[in-house]
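Visitor: Before we look at any detail, could you take me through this model by question and answer, giving each term its cut-offs as we go?

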Amino acid sequence: MKKLLEKVAVEKSKNYEEYTVADAIVEELVAAGVEVIFGIVSIHNMPIYDAILRDGKIRMATSRGESGAVNMADAYSRATGKLGVVLTSTGAGAGNGAGSLTETWNSGTPLLHITGEANSSYIGTDQRYIHECKDQLKMMEGVNKSAFLLKRPKLIKPFMRKAIKDAVSVPTGPVTVQIPTDFQAMIIPENNLVHVQTVEELEVQVTLPEGIIEKISTARRPVIWVGDGIIHAGASEELVTLVNKIKAGVITSESGKGAIPEDHPLCIGNFAWFTRVEEHVCKADLLISVGVRFRSTETNGWSTPIPENHINIDLNPEAFNRNFDTQDFLIGDAKAVLAAINKGLADIEITRDLTYTEEIKEVREGVREDLRSTIEPYGEFAEIMNEQLPHDTILVTDVTIPGYTWANKLVDVHEPRNYLYMTGGGIGQGLPMAIGAKVGQPDKPVILVAGDGGFMVNAGEMITAVHEDAPIIVLLFDDGGYGILKYYQEAAYGRKTAVDLKNPDFVMMAKSMGYEAEKVTSVEEFEKGLANALASKKSYMVVVDVEAVGILNYKDSNEYIRSFRPHK
């Protein structure tokens, strides 16, 4: 027996000395600077997990579902600016992550999804190999920027490098790599793949078109509209310098929140589709847009009237005239282009009419007051959050009425990468995204605004926050169902169905998973509850009883309501 155990130990040690496809995968990830991978272990990715363990340089963060794992990797990337990486199983496992990959595609997050595939000899044979999918590659292509299948084990290094480069290249987005199960533990030569020709990082040279500086310096009513392109480029300082120089009002897209501190007096904020803001833009004589997509939901279906004098700055050439016409489209990194503009303006004296500056401030305060007057008492909730939350707080809003009616507008974000939301509009992704953000930024408070209906989609991930020592604060607004759909059904049809939900006792559920928790029924109790949550060193849930506090009177346009009724 002793000899048998010694033989097993020798064989085990020998196996660990062999270089496999899985080892090459980990080697490429480490070389790319990957520090954390989110995922779930499976028989179809075990060799990769073991290679990660033996290498010891990458942290494995274990989620409770593939969908949540993708969300965590997505949020990790958004909050840190690093490549997000997720590791899932084959077939059903990859499919579970597909919905969250659509969110990552919508947000343009650089993410690498590593998944298994059936044994290479069974792919496409319809033999129903375990976890087999009819066409997994096609499924992955439908939810990613791109997807690749490894066909030759010895080519794993260039295969991984290509995928990583694709994920981080403009336009950034999620990329899936499929590694057949029989390839993962296959022994391959430990050859070196070296880029012997290196490119030194040189200072980016920007040559602005003739007349651009004059257009900007002579504008009397300039408006700047920014998206997350500013954040990706790390150009917030250059943006603030330009704003202070030309005294322009700043509109941010939702994904652009935090590009400029939202307590800046010239920051109008995430209110683009509000009437006051549209009227302000309509009277502008110059619009400078930077790294913004102009989504339909933020431009009233692309009907916002913008000035003909429109300078658009974007690193992606495909953004040219994508949703609005552009007079001058400047292809380039936002940080470099804005720095060049600031340099060109440095010696030019710009005298701004004080009445215009006051108008910007009036628009800024007006849209906030207009919103507060329609959502009471939740305007007080926002004020309490602004008073209590540290300036470096990461705010995450799920797809829920409190999230997209007031939290994404009235709660100030002061730093880039400190606001995350569901770009694609899918419910329930906020919880795992909050956890991913906390893993990436452990020293920052992370707070989630969620509704009870969406929260239960990924409620199992609550324990992940505890398991991964990633304490978050959950503000759960409990109205007993899908509140927005209740409104739309009753407004459109005068009746409702499938929107009232039976919920658990959220406080008890949270406590059973290691959270501290309490229910609040008033503004005063919310103020105390949030203070308790911020003082706690553990994950904390504050359950807001919406019926007791007050149902929010949400109202959409009659035109949109009519779209749900029979029509030609």
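**Salt bridges and a buried strand**

Visitor: How far apart are the closest N and O atoms in the salt bridge that Lys57 forms with Asp55?

Guide: Lys57 and Asp55 are joined by a salt bridge, a term that asks for a side-chain nitrogen of Lys or Arg within 4 Å of a carboxyl oxygen of Asp or Glu. This is a predicted model, in which local features need pLDDT of at least 70 and side-chain atom pairs count only at pLDDT 80 or more, while totals for chains, interfaces and linings use all residues. Residues are numbered from 1 along each chain as its sequence is written, and side-chain values use heavy atoms, with hydrogens and water left out. For this pair, the closest N and O atoms are separated by 3.4 Å.

Visitor: Is Lys57 buried or exposed, and what is its relative accessible area?

Guide: Buried means under 20% relative accessible area, exposed over 50%, and partly exposed in between, with a 1.4 Å probe and protein chains only. Lys57, by contrast, counts as exposed, and its relative accessible area is 54%.

Visitor: How many residues apart in sequence are the parts that Lys82 and Glu35 tie together?

Guide: The side chains of these two residues meet in a salt bridge, 2.9 Å from N to O. Lys82 lies in the loop between helix H4 (66–80) and strand S3 (84–88), and Glu35 in the loop between helix H2 (21–31) and strand S1 (36–39), where helices (H or I, at least four residues) and strands (E, at least two) are DSSP runs numbered from the N terminus. The pair therefore ties together parts whose separation in sequence is 47 residues.

Visitor: How many residues of strand S11 are buried?

Guide: His310, Asn312 and Asp314 point one way from S11, while Ile311 and Ile313 point the other way, and all are buried. In a regular strand the side chains alternate between the two faces of the sheet. Strand S11 (residues 310–314) is largely enclosed by the rest of the structure, because the number of its residues that are buried is five of the five.

Visitor: Which residue in S11 is the bridge partner of Val290?

Guide: Strands pair if DSSP finds at least two bridges between them. Four bridges join S11 to strand S12 (residues 328–331), running parallel, and Ile311 stands opposite Asp328 there. Strand S10 (residues 286–290) is also joined to S11 by four bridges, in parallel. The partner of Val290 in S11 is Ile313.
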